[in-house]
Amino acid sequence: MYVGTLSFDLLLGDVRSLKEKRSVVRPIVAELQRRFAVSAAEVDHMNLHRRAAIGLAMVSGDAGHLTDVLDRCERLVAARPEVELLSVRRRFHGEDD
């Protein structure tokens, strides 16, 4: 069994309120969940309207498949024009951990 996680630190574009922030972050989280069957949520910077942190996790029996899905998730978030991806933290836990 393999477990992979990603943590995205995002800078949001022209966002002036927490309500506008939710309208940007929620669709990203929903698309990650729908397209890749991962667990995803906003996990930090809840009270800052121009910053967001999204975390996601996935479990797989195949390390190659897990790596491929995490790569595609990262590309999806990086390609969103309304956010600037400041950093990505990837963790991979395998059978030897």
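This is a predicted model: local features need pLDDT of at least 70, side-chain atom pairs count only at pLDDT 80 or more; totals for chains, interfaces and linings use all residues.
1. Overall layout. The chain has two helices and four strands, and from the N terminus on they come in the order β-α-β-β-α-β. The radius of gyration is 14 Å, close to the 13 Å that the globule rule gives for 97 residues, so the chain is as compact as a globular protein of that length.

2. Surface and burial. Of the 97 residues, 35% count as buried. The accessible surface comes to about 5700 Å², and carbon and sulfur atoms own 49% of that. As for contacts, take the pairs at least 6 apart in sequence: 72% of them join residues at least 24 apart.

3. The sheet. What is the strand order? Reading across, you get S2-S3-S1-S4, an open sheet of four strands with antiparallel pairing. S2 and S4 (83-93) sit at the edges with a single partner strand each, so one side of each has no neighbour in the sheet. On average, neighbouring strands are turned by 20° against each other, direction ignored.

4. Pairings around S1. Strand S1 (residues 2-12) is joined to S4 by 10 bridges, and the two run antiparallel. One spot to look at there is Phe 8, which stands opposite Val 88 in S4. S1 is also joined to S3 by 10 bridges, again antiparallel. In that pairing, Gly 4 has Met 58 of S3 as its bridge partner.

5. The hairpin has six residues between the strands, and His 45 takes a positive phi near 60° in it. S3 itself is mostly covered, with seven of its 10 residues buried.

6. A reminder for anyone reading side chains off the strands. In a regular strand, side chains alternate between the two faces of the sheet.

7. Helix H2 (residues 63-78) lies across S1, S3 and S4, and it runs at about 5° to S1.

8. Where does Glu 31 sit? It belongs to helix H1 (residues 18-36). Is Glu 31 buried or exposed? Its relative accessible area is 19%, and the cut-off for buried is under 20%, so Glu 31 counts as buried.

9. What surrounds Glu 31. Which side chain does the Glu 31 side chain make a polar contact with? The partner is the side chain of Arg 80, at 2.7 Å. Setting aside neighbours within four places in sequence, Glu 31 is in contact with Phe 36, Leu 76 and Arg 80. So for this buried glutamate, Arg 80 turns up both in the contact list and as the polar partner.

Technical notes:
Residues are numbered from 1 along each chain as its sequence is written. Side-chain values use heavy atoms; hydrogens and water are left out. Buried means under 20% relative accessible area, exposed over 50%, partly exposed in between (1.4 Å probe, protein chains only). A polar contact is a pair of N or O atoms within 3.5 Å; within protein, one must be able to donate a hydrogen and the other to accept it, and residues adjacent in sequence count only if both atoms are side-chain atoms. Contact means heavy atoms within 4.5 Å. Two strands pair if DSSP finds at least two bridges between them. Axes are lines fitted to C-alpha atoms, for helices over the stretch in contact, and angles run from 0 to 180 degrees between N-to-C directions. The radius of gyration is taken over C-alpha atoms; the globule rule is 2.2 Å times the number of residues to the power 0.38. Accessible areas come from the Shrake-Rupley method with a 1.4 Å probe; for residues, only the protein chains shown count as cover.
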